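Subject: Structure for you to look at

Hello,

Here is the structure I said I would pass on. Please open it first and keep it in view while you read the notes below.

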Amino acid sequence: MRAFLLRRALHAVFVLWGVVTAVFFLVRLTGDPTPFLVDQTATQQEIAEARRQLGLDRPLSVQYLDFLRAVPRGDFGISIREKRPAMPMVLEHLWPATVELAAAALLLSTVLAIPLGVASATHKNGVVDHASRLASLFLQSMPSFWLGLMLILLFAVQLGGLLPAFGSGGLSHLILPAVTLAAAPLAQNVRLIRSGMLEVLQQDYVRTARAKGLAERLVIYRHALRNAAIPVITVTGLSLGFMLSGAVIIETVFSWPGMGRLIVQAVPGRDFPVIQAGVFVFAVIFVGLNLIVDLLYTVVDPRVRLT
Amino acid sequence: MIRRALPLVVALVLLWPWPIAAQPRTVDGVAIDPDAELVVALSDDTTNMDPRIGMGSIRSNYIRQVFESLVDVDSQGRPVPGLALSWKPVGELAWEFALRRGVTFHDGEPFNADTVLFNLDRFFRRNLDKLGLKDVLAATQFEKTYPFVTRWEKVDDYTVRIHTSEPSPTLWDFIGREPMVPKAYTIKNGADGLNDRPVGTGPWKMVEWKRKTSMQFERNDAYWGTQPQFRKMRFQTIPEGAARIAALRAGQVGLIEGVPPFDAPALGQDSRLKVVSSPQKLSCRLYVNARPKDKYDSGGQDGLFSDRRVRMALNLAINRDAIIKKIFNGYALPNASPVASVSYGYAPQEAYPYDPTRAKALLAEAGFRDGNPLTLQLLFPAKHYGQSFDEMAPAVVEMLKDVGVQATLKPVDFATLLQTATKGTLPPNGGFAACRTGNNLDADDYLRDWGAIAMINWAPYPPELMSLYTATRREVDAQKRLKLLADLQRQVRDWAPVVALYQEVKVYAHSARVLRFTPLPELNMDFRGVAVKK
C-alpha cells in the first residue's frame, strides 16, 4: 500500500506538471489580454506599453521558467483583470461556496439514489420501478439551466418567495442550486444501482445467502449492494470532480459565487493567472479524487489489492 | 418673572440640539421608508473599484456610487457642477476649475485643490515615486492620450489651473469626468487599499464587498448634494436575465438592469412593477476596412471599402426600422450621426434611408457589378453585447446580400475580435460588428475615432475632414466649437466611415415601491433623490 501511494504521488506530480505546462502554453495560444485593458481608441504604442507593464513582452521561455519557479510556492501571479493574487481568488471561490454546493449535491445524489435504485431493482417492472426509471430519464434529459429556472419560478415566484431565487448564505439558499446540480447525477446513480443490483441479485452467493435464511434486507444491503456499488463509486468520484469544477451553469442561474463561473469568465477575458490557478486546482481535485476512489475499492471489495 | 425668563427659554429652544436634516417622510405625497434597503440586481460584479484601472459599463455602476468627478451629469446627460462649481478656459492654453467647498471624503479627509493636483499626478503618472505610490495599469494612459497637458497648479485652496501646450476645448470633459480619489488615504493605503476599501466623496459608502456576489453600501449622511432617501443599498450580481426577472417578481430585489427587450412589455403590465428606459452611449456599427495599404498589414492592398460610395451603399442597404422594431422591440434608436444622441455637441443628422435600389446603383458606380460582386468577411463577437446583438448581425448580413454583397458572417469571441482589430490584420474585404461606448460627455469622444490609427479606426479621416476635426479640437469658444462639431458630424455622416446600425436604449425594471428612479443616459445608475415607499 505504501509503495502504491508513493507511486501515485509521483504520478500526481507528473500529471500536475503536464497540466500546468499545457495550460500555460494553451492560454497563450488564444492570444493577448492587453486589448481588454486599454481604451478602444488606444494606439499601438499604448498597447505595447500595457504589454510591457504586464511582462508579456518577455520571451515565452522566460515567462514559462518564471512561472514554473513560482508554482511550487502557490504563486500563480496577479489576476490581469482584478489585480489580485490569482490563487487566493480561486481558493476563496472554492471554499466554502463550491465545496458547500458540491457536498450538498453529492449527498442528495447518493443518499437518495441508494434506496431508489434498490427499490427499483427489487421491484423490477413494478410501479416503483417504472416511476423511478421515468423520473431518472426526466432528470437526466432536462438541461440544468432550464430545471434551475423552473425551480426558481416555482419556489421563489409562484410560492411567494418560499426559497430565495439567488445568492448564497444559508441552508435556504443552498436548496435550489443543490437540487438542480444533484438532478442528473442522482438519475445516473439510480440507473447504475438498479442495473448493478439486477445483475448481482442473480449471483450464486445471493442465492446462498437467501438459502441460509438471512433476512432479505441483509441480503440486499450487506451482500448485494456492496458489489453493485463499485461502478457507482467510480462514477460518483468523477461526478464530484465535475460538481467541484464545472457547475458553471448552476452558478450562473443561481448567482452562486463558485469557482466554475470565475474560471469561465477568466477564459474570454484572457486572465491567464486565474485560468492557470483554476485549472491547477481542478487537476489537484481530480487527481485526489481518483486516488480516493482507488482506495475505496479496497474497502468495498476486499479482493481488490493495490500494489 | 415670566418676562425675564422668556429670553432664556427662547435661547434654550434655539440652541437645543434638535435633530437636524431630518429625512423627509413623504415623496410626491407618498410615505417613504427612510431606513429601507434597496437591492439592485446587476449582470456582473465590478473587477475593480480604483477608477484608474478602468470604467466599463458594469464598473461605472459601482465606482460612481462611491467616487465623484469634478463634472457631474444631470438626467439628460448634460454636464453640471460636481466637485467643481464651475470651469472656464483661461486664455487659449489653460483651464481653471473652481472647487466646491466643505466636501469631505468618507473618512473625513477634506477635498480641495491638493486632492485635484494629486489626482492629476496619478492620471499623468507624475511624481508617483515621490509619493510612494504603486503605478497601476490604466485603461487610459493620459500622458500618451493627452500629451499636450503640460502642468497643473494650485491657484488657491479651492482653485486649480491646468495648462496645455495647445488649445484644448474638451479638457473640462476628459479631466472633469475622471473620479477623484483621496490623497492621504491613497498614499497611506496604496492603490490596493483604494481598490479593496474605496473611500470617495459620493452619496454611498461601500461597507462590504463579497466579490462576484454583492456589494453593500450605506448612505453617506455627510453628502454635500441631494441624498438618496433610503439608508442602505446592495448591488447583487445575478448574471442570468431570466433569474433577475424572477428575483424582481419574487420581491427579492427592488430594481434590475439589462431587461431583455421582449420581456419589457410583460413586466410593464405587472402593476407591482415599472419599466423605464434611457438611450445609452452605445453606438453599434459595422466597421469595414477602408484603410490605405500603408496603414495596416494588408499584403500591399488598400481596404476594399476605401471608396465612399461603397460605404454609403452599405448604409443604404440596412433596414434600421425593421431591426429596431423586430429585434429590439423598439428599444434602440437609429442615429446617422457618428456621435451618440446624448453626448454634448451632438447634432442630429438626416437618417440614412433604406434604399436598396440606390445602394445597388452606388455599388455599380464603384465598379461592383454582377460579374464582380463586392465581398465582405464580417466578424462579430458572439455572446458579448447580448442576445439581440447576436440576432441582429445575421439579419444585417442578409440585408447586404439583398443588394448583391457577398457577405459572410463569422462569430468569434470578443478577445479574438479585439486582437484582430488591434493588430490591424483584417483582410482588405474584412469588417467587424461592434459597439462604441464612452465615459466622456463631449462629442469629441466619438469624433476622435478617425483621427489616429487605433483599433477602431478603419477609415482614417481624409485631409479635409482631418482639418475640420483639428479645428474642433482647437476652438475654445463654446458656440463656435458647437458649430464646427455640427459641421463635422454632417460631413462624417456623408463620408460614412462606418455602417451605422443603431444606438442602444437600456431597459430597467423596478418595484413600484421605488420612487423617482430615472435612468441616466450614462453607463451608471444614479440613486440620489430616489426613495422607497413604506
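Strand β7 (residues 94-99) of chain B is joined by 5 bridges to strand β9 (residues 159-164) of chain B, and the two run antiparallel. Helices (H or I, at least four residues) and strands (E, at least two) are DSSP runs, numbered from the N terminus. Two strands pair if DSSP finds at least two bridges between them. Within this pair, F97(B) has V160(B) in β9(B) as its bridge partner.

Before going on, note that this is a predicted model, in which local features need pLDDT of at least 70, side-chain atom pairs count only at pLDDT 80 or more, and totals for chains, interfaces and linings use all residues. Residues are numbered from 1 along each chain as its sequence is written, while chains are lettered from A and ligands numbered from 1 in the order in which they are written.

The sheet and its helix

β7(B) and β9(B) belong to an open sheet of 4 strands in chain B, with the order β6-β7-β9-β8 and antiparallel pairing. Its edge strands, each pairing on one side only, are β6 (84-89) and β8 (149-156) of chain B. On average, neighbouring strands of this sheet are turned by 20° against each other, direction ignored.

Helix α3 (residues 113-123) of chain B lies across β7, β8 and β9 of chain B and runs at about 170° to β8(B). Such angles run from 0 to 180 degrees between N-to-C directions, and the axes are lines fitted to C-alpha atoms, for helices over the stretch in contact. Two residues are in contact if their C-beta atoms, placed from the backbone, lie within 7 Å. A residue is buried if 20 or more other C-beta atoms lie within 10 Å of its own, exposed if 12 or fewer, and partly exposed in between. The buried residues of α3(B) are T115(B), V116(B), F118(B), N119(B), L120(B), R122(B) and F123(B). They pack against β7, α5 (142-145), β8, β9 and α7 (183-196) of chain B. After α3(B) comes R125(B), which has a positive phi, near 50°.

Strands β14 and β18 of chain B

In strand β18 (residues 430-437) of chain B, 7 of the 8 residues are buried. Strand β14 (residues 273-288) of chain B is joined to β18(B) by 7 bridges and runs antiparallel to it; here V288(B) stands opposite G431(B). Strand β16 (residues 375-381) of chain B is joined to β18(B) by 3 bridges, and this pair runs parallel. In that pair, Q377(B) stands opposite G430(B).

P279(B) is in strand β14 of chain B. It counts as partly exposed because it has 19 C-beta neighbours inside 10 Å. Leaving aside neighbours within four places in sequence, P279(B) is in contact with L333(B), S341(B), V342(B), Q503(B), V505(B) and P521(B).

Helix α11 of chain B

Which residues of helix α11 (residues 320-327) of chain B are buried? They are R320(B), I323(B), I324(B) and I327(B). Seen down the axis of α11(B), these residues fall within an arc of 105°, so they line one face of the helix. The arc is that of the directions from the helix axis to the C-beta atoms. On the other side of α11(B), D321(B), A322(B) and K325(B) are exposed. The buried residues of α11(B) pack against β15 (332-333), α13 (387-402) and β19 (498-511) of chain B.

Chain A has 15 helices and 0 strands. Of its 307 residues, 39% are buried.

In the contact between the chains, 40 residues of chain A touch 41 residues of chain B. α3(A) gives the largest share of chain A's side, 7 residues. By class, that side has 20 nonpolar, 11 polar and 9 charged residues. Ala, Val, Leu, Ile, Met, Phe, Trp, Tyr, Cys and Pro count as nonpolar, Asp, Glu, Lys and Arg as charged, and the others, Gly among them, as polar.

Regards
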